[in-house]
Amino acid sequence: GAESTQSSVSSGINAEYGGLYSIQQIAKAGCSAGKDVGTWFGPNTAAQSIRILTEFHKELNLTVQVVMDNFMCIEDIKFFCKEDDVTWTPLLLIIPLRLGLSECNNIYIDNIKHCFEIEQSVGAVGGRPNSAFYFIGYQNDKLLYLDPHVTQESLCPDGIDLDNIPDETYHTTKVDVLPWDQLDPSIAVAFYCKTEESFDDLCSQFQETITAGSGSLFEMVKTRPAYMTPPRRTPIDKLLENYSAEYDEVNTEDAASDSDGFEIISNS
């Protein structure tokens, strides 16, 4: 039920090394995605790390798909969500975007707002230079966000009564705001689709707003173009452990402008 799922996720994000979504495991997943430990993780790398780690969390019953190169193929997404071609596995869809060079281009703001208005939205990750935030919505000319860097007391999930989970440290009563003109152009929007019908509805809303007009955020097609290689299901056996990187101080000025593997959106 919901309580056991919450307990499973809470255990996974435990700050200790054994937690599946601990900072240590995220760093290892980053190595599998081509990022050495100690280097800057942008929204794209963070999304890939979540995708990789979720493959080791089968009881969560969740498929994570990351849209790459501003191109989404509906047929391919469904391929990964229906491994037996019948049963739909709930989907967390993450779409990394690059909305400008050094600052966010205003032409995309209305469609970013539309992302938060969609029922399937679960927010976005991004921030401003040298800061990373979890955006949950907007109000007028400001984004609403939670700061994941607020220190909280950790919990030991072993022996927790599922009917009385002391989960206060996983929540907050404070919401911060960020003006749109301070938003870093690297951002990843995310959506959750429990059923195939929900995903179809999401795609319809994308077609009406998000992928339409001069402020289109990405390209979406129903079927795979002939020139594209068909997708393959390639299970991940283990995480890479590349700890050879030196822990030099990260140059946050360079990191903030790092494209993180994105392509710049073009309306040409």
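## Helices α2 and α3

In this predicted model, helix α3 (43-54) is part of what covers the buried residues of helix α2. Helix α2 spans residues 23-32, and its buried residues are Gln 25, Ala 27, Lys 28, Ala 29, Gly 30 and Cys 31. After α2 comes Gly 34, which has a positive phi, near 95°.

Two packed helices are described by the angle between their axes and by the distance between those axes. For α2 and α3 the angle is about 100° and the axes are 8 Å apart. This angle makes α2 roughly perpendicular to α3. On the α2 side the contact is made by Gln 25, Ile 26, Ala 29, Gly 30 and Ser 32, and on the α3 side by Ser 49, Ile 52 and Leu 53. By type, the residues of this contact are 4 nonpolar and 4 polar, with no charged ones.

## The chain as a whole

The chain has 268 residues, of which 42% count as buried. Its secondary structure comes to 7 helices and 9 strands. Among contacts with a separation of 6 or more, 72% are between residues 24 or more positions apart.

## Helices α4 and α6

Helix α4 covers residues 74-81 and helix α6 covers residues 196-210; the two pack at an angle of about 160°, with their axes 12 Å apart. Angles over 145 degrees count as roughly antiparallel, so α4 is roughly antiparallel to α6. The crossing of these two helices is right-handed.

From α4, the residues making the contact are Ile 74, Ile 77 and Lys 78; from α6, they are Glu 196, Phe 199, Asp 200 and Cys 203. This contact has 4 nonpolar residues and 3 charged ones, but no polar ones.

Strand β1 runs over residues 63-66 and holds Gln 65. Gln 65 counts as buried because its relative accessibility is 15%, and the cut-off for buried is under 20%. Leaving aside residues up to four places away in sequence, Gln 65 touches Ile 77, Phe 80, Leu 91, Leu 92, Leu 93 and Ile 94. One of these, Ile 77, also takes part in the contact of α4 with α6.

The loop between β1 and β2 (71-73) includes Asp 69, and Asn 70 is placed in the loop between β1 and β2 as well. Asp 69 has a phi near 60°, which is positive although the residue is not glycine. Asn 70, also a residue other than glycine, has a positive phi near 60°.

## Helix α5 and the end of α6

Helix α5 is made of residues 109-117, and its buried residues are Ile 109, Asn 111, Ile 112, Lys 113, Cys 115 and Phe 116. The buried residues of α5 pack against strands β3 (91-98), β4 (121-128), β5 (131-139), β6 (142-146) and β8 (186-193), and against helix α6.

Ile 210 is in helix α6. This residue is buried, with a relative accessible area of 0%. Between Ile 210 and Cys 115 there are 95 residues in sequence, yet their C-alpha atoms are 7.3 Å apart in space. Not counting residues up to four places away in sequence, Ile 210 touches Asn 111, His 114, Cys 115, Ile 118, Gln 205, Gly 215, Ser 216, Leu 217 and Phe 218. Asn 111 and Cys 115, included in that list, are among the buried residues of α5.

## Cysteines

The count of disulfides comes to 0. A disulfide requires a pair of cysteine sulfur atoms within 2.5 Å. For Cys 81, the closest cysteine sulfur is in Cys 193, and at 8.1 Å the distance is too far for a bond.

Cys 81 counts as buried, at 0% relative accessibility. Cys 104 counts as buried too, at 11% relative accessibility.

Technical notes
Residues numbered from 1 in each chain as written. Predicted model: local features only at pLDDT ≥ 70, side-chain atom pairs only at ≥ 80, totals over all residues. Heavy atoms only, no water. Axes fitted to C-alpha atoms, helices over the stretch in contact; angles between N-to-C directions. Helix = DSSP H or I, 4+ residues; strand = E, 2+ residues; numbered from the N terminus. Parallel < 35°, antiparallel > 145°, perpendicular 65-115°, else oblique. Left-handed = near helix turned anticlockwise from the far one by under 90°. Contact = heavy atoms within 4.5 Å. Nonpolar A, V, L, I, M, F, W, Y, C, P; charged D, E, K, R; others polar. Buried < 20%, exposed > 50% of the residue type's maximum accessible area, 1.4 Å probe, protein only.
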